[in-house]
Amino acid sequence: NGRYYCYPSTSGEPGGIRAWTSLNLCDWEDCGYIIKDERLTNAYAPELLYVNGDFLLVTSPRGDGHFLFTGKSPLGPFTLVKDDIGLTIDGSLFLDDDGGLYFTHAEYPLIHGHTFTPEGIAGPAVPIKGSAMNHWTEGSMIFRRLGKYYITMTGNHLLSRAYRVNYAISDTGPL
């Protein structure tokens, strides 16, 4: 609807997910908490994806696995779907053109991917070739352009001076 949405990680705040919106990526409006839940204290890397009329929101509080929520608006209200998918941190959702849903997450030494359902059921882990960064790898995201799949990832530890963004390309599929 002509708006950008930002869902940052939280640190030290009461449990919940906050959101900001913008029309131009320069001026941002604080929308406050879109989810209040004490289990979401230190919610890492919240991410939202529109899938078949619903918004799926995934986050990994305190790095203790992932929570999955669903809602009809990017600002909520959201309903808890599953409270412990597991799978480390920085979960990311990707919806392919054929309707296939995928979930990627941080792992050592590379990103792992899974087929996924809107109910939070993950298929077997698939290590994604080309995503290793010679240390901890996190912050993955998949997108597709001109028939190719791209995955971005960050790594070499958040507090390292060598922290960076890398990418890999596939002609065959998101995993």
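**Figure 1. Strand β4 contributes the largest share, four residues, to the lining of the largest pocket.** The view is taken from a predicted model. The space in this largest pocket amounts to about 280 Å³. Its lining consists of 13 residues, and those closest to the centre of the pocket are Tyr5, Tyr7, Pro46, Glu47 and Met141. Two elements, β4 (43-51) and β12 (137-145), each give two or more residues to the lining. By residue class, the lining of the largest pocket divides into seven nonpolar, four polar and two charged residues.

**Figure 2. Four strands form an open sheet in the order β8-β9-β10-β11.** The pairing within this sheet is antiparallel. Strands β8 (92-95) and β11 (126-127) stand at the edges; each has a single partner strand, so one side of each is left without a neighbour in the sheet. His112 has Pro127 of β11 as its bridge partner.

**Figure 3. A salt bridge joins Asp96 and Arg144.** The closest N and O atoms of the two residues are 3.5 Å apart. Asp96 is located in the loop between β8 and β9 (101-105), whereas Arg144 belongs to strand β12, so the pair ties together parts that are 48 residues apart in sequence. Asp96 has a relative accessibility of 5% and therefore counts as buried. Arg144, at 30% relative accessibility, counts as partly exposed.

**Figure 4. Asp37, Arg39 and Asp83 are linked in a network of salt bridges.** Asp37 is buried, because its relative accessible area of 16% lies under the 20% cut-off. Arg39 has a relative accessibility of 35% and so counts as partly exposed.

**Figure 5. Arg62 and Asp64 form a salt bridge.** The closest N and O atoms of this pair are 3.4 Å apart. Arg62 is partly exposed, with a relative accessible area of 36%. Asp64 is likewise partly exposed, its relative accessible area being 48%. Side chains of opposite charge can pair when their charged atoms come close. The count of salt bridges in the model comes to eight.

Conventions
Residues numbered from 1 in each chain as written. Predicted model: local features only at pLDDT ≥ 70, side-chain atom pairs only at ≥ 80, totals over all residues. Heavy atoms only, no water. 1 Å grid on protein atoms, 1.4 Å probe; cavity = no way out; pocket = protein on both sides within 12 Å on 5 of 7 lines; lining within 4 Å. Points joined across faces, edges and corners; volume = space filled by probe spheres on them. Nonpolar A, V, L, I, M, F, W, Y, C, P; charged D, E, K, R; others polar. Pairing = 2+ DSSP bridges. Salt bridge = Lys/Arg side-chain N within 4 Å of Asp/Glu carboxyl O. Buried < 20%, exposed > 50% of the residue type's maximum accessible area, 1.4 Å probe, protein only.
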